[in-house]
Amino acid sequence: MPEAKFCVGCGHPIALMALNKVLDEMGLTKKAVLGLDIGCSLLAWNYLPVNTFQTHHGRVTPTMLAFKRARPGSICLAYAGDGGSYAIGWQSLFHAARRDEPITVIVINNTIYAMTGGQTAPTTMHGEKTPTSPNGYPDEPFHGPEILKDIVKPGAYIARTAVNDMAQMRMFIKKAIETQQAGHFSLVEFLSLCPVNWHTNGPDTLKFLEENMKPVFKVGEIAG
Ligand SMILES: Cc1ncc(C[n+]2csc(CCOP(=O)(O)OP(=O)(O)O)c2C)c(N)n1
Ligand code: SF4
């Protein structure tokens, strides 16, 4: 396993390890293609023993659905941050979900644009302080999975989990991949950790996830 490029305490590698475990258990490691968006997700390029494909910011969903059309037997995973998914990439993600494209989208929600220094994202919570909301973000956050629930077709699967619940992460990822195998769209959002931009120590990082994020972003199965 190559040396991790993620910061100490980051949530990305935890989500990726859960994904790796599920792919291994399902015997799909060789069939999987992990598409990476721009942002800290790109640090996964050589992290798992799966083929990866680097895309432009916000364009991982259309790229991976094109890959799926070209290679229907592959397991196509579009892996992106909340900024890449719900801001610049939202139009592509929304229409892929509406058309029931058989791919699996993985969204890492750390409530900010982490790679560029912690600026506000669509998921930034009311009152949250960031470099671009120093007095606290005045708006409400965007709930991508809940919006998609209303436009997906029967058979699609949408869920939200958190990186401090390994059993739930693995269960939801497995169901999402099975959904893709059955020919439908799936998305799992992961509530993640970014101690570097949150400026939190270990205990406070988990506290932010449990006490600030989980009451705002409810974990569980949302569609399917
Ligand atoms: C078209 C384009 N606009 C802006 C950027 C600059 N940029 C690089 S990473 C990033 C933020 C990524 O945030 P997010 O998608 O939430 O992922 P995270 O880093 O938090 O995992 C931005 C805006 C870019 N690379 N390309
Ligand atoms: S900046 Fe945040 S999201 Fe990016 S690698 Fe570091 S801890 Fe992880």
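**Close-up views of a predicted model**

**View 1. A32 stands opposite I75 in β3.** This is a predicted model, where local features need pLDDT of at least 70, side-chain atom pairs count only at pLDDT 80 or more, and totals for chains, interfaces and linings use all residues. Residues are numbered from 1 along each chain as its sequence is written, chains are lettered from A and ligands numbered from 1 in written order, and side-chain values use heavy atoms, without hydrogens and water. Strands β1 (residues 32-36) and β3 (residues 75-81) run parallel and are joined by five bridges. Strands are DSSP runs (E, at least two residues), as are helices (H or I, at least four), numbered from the N terminus.

**View 2. Seven strands make an open, mixed sheet.** Their order is β2-β1-β3-β4-β8-β7-β9, and two strands pair if DSSP finds at least two bridges between them. Because β2 (51-54) and β9 (220-223) each have a single partner strand, one side of each is left without a neighbour in the sheet.

**View 3. Ligand 2 sits among ten listed neighbours, including H12 and N110.**

View 4. C7 is partly exposed, at 45% relative accessible area, while C194 is buried, at 9%. Here buried means under 20%, exposed over 50% and partly exposed in between (1.4 Å probe, protein chains only). Zero disulfides turn up in the whole structure, a disulfide being a pair of cysteine sulfur atoms within 2.5 Å.

Terms used
A residue is near a molecule or strand if one of its heavy atoms lies within 4 Å of it.
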